Amino acid sequence: MPYKETYPSKLLSEAVDAISSLPGVGRRSALRLALHLLKQPSENVHHFTDAINHLRDDVRYCRRCRMISDSEECAICGDRTRDQRTICVVESVRDVMSIEATGQYHGVYHVLGGIISPIAGVGPSDLTIRELTERVKALENPASAEIILALSGDVEGETTAFYIYRQVEATGVRVSSLARGLGFGDDLEYADSLTLGRSIVNRQAFRP
């Protein structure tokens, strides 16, 4: 018979259920974490749970780029020293964080919230591609602006890049992609800062 943990407390069992719902956390690890929390001063645990509650209830998404923010506009979009006419298009918030860590990019971003994946049931309407297109059209003289397609090099990433290109090409905006210091199928999140930074600096014109 498979091993089954028994709990002396319904409250402990509920805590284990909640913690084990996190990705990558099994029930035994969840039990260890729950027992650890029980040993902590109550103010530490309350601070922890308050931080989680505020994260879920109070964090916003930037009205321009859809990056996580504490206000309607994120700090990057609000920084007027950055190049507002160079827009780096990424899949996720984690990708923004990875690129920022390189220190090599000084434009702004647009977070898609995923990539086109018919197998996973994700289509263009599930992403912020329409908002990106409207953002480009709203630019004064889009032909003097640039979109950098910083998406993964797998089939889904390439499909998404091609779809975006077709949506914005009529505006005349310059469209580029990361230099292939990144291998096919590589995720930006796992690329080292040096490789990712060089891929941004040495970006090339997008060729569908």
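Five strands, in the order β4-β3-β5-β6-β7, make up an open sheet with mixed pairing. Its edge strands are β4 and β7 (204–205), each of which pairs on one side only. This is a predicted model, in which local features need pLDDT of at least 70 and side-chain atom pairs count only at pLDDT 80 or more, while totals for chains, interfaces and linings use all residues. Residues are numbered from 1 along each chain as its sequence is written, and side-chain values use heavy atoms, with hydrogens and water left out.

**The sheet**

- Helices (H or I, at least four residues) and strands (E, at least two) are DSSP runs, numbered from the N terminus.
- Two strands count as paired if DSSP finds at least two bridges between them; β3 and β4 are joined by 5 bridges in the parallel sense.
- Across this pair, cysteine 88 stands opposite tyrosine 109 in β4.

**Helix α5**

- Ile129, Leu132, Thr133, Arg135 and Val136 are buried in α5 (residues 129–137), where buried means under 20% relative accessible area, exposed over 50% and partly exposed in between (1.4 Å probe, protein chains only).
- These residues lie on the same side of α5 because they cover an arc of only 160° around the axis, the arc being that of the directions from the helix axis to the C-beta atoms.
- Arg130 and Lys137, on the other side of α5, are exposed.
- The cover over the buried residues of α5 includes β3 (83–90), β4 (107–111), β5 (146–149) and α6 (155–168).
- Threonine 133 counts as buried because its relative accessibility is 8%.
- Leaving aside residues up to four places away in sequence, threonine 133 touches Gln167 and Val168, with contact meaning heavy atoms within 4.5 Å.

**The largest pocket**

- The largest pocket has a volume of about 320 Å³; a volume is the space filled by probe spheres set on grid points, which are joined across faces, edges and corners.
- On a 1 Å grid over the protein atoms alone, a pocket is an open set of points where a 1.4 Å probe fits, with protein on both sides within 12 Å along at least five of seven lines, and lining residues have an atom within 4 Å of a point.
- α1 (10–19), α2 (27–39) and α3 (42–58) each supply at least two lining residues, and α3 gives the most, with 5 residues.
- Among the lining residues are Ala15, Leu22, Leu37, Phe48 and Asn53.
- The lining divides into 9 nonpolar, 2 polar and no charged residues, with Ala, Val, Leu, Ile, Met, Phe, Trp, Tyr, Cys and Pro counted as nonpolar, Asp, Glu, Lys and Arg as charged, and the others, Gly among them, as polar.
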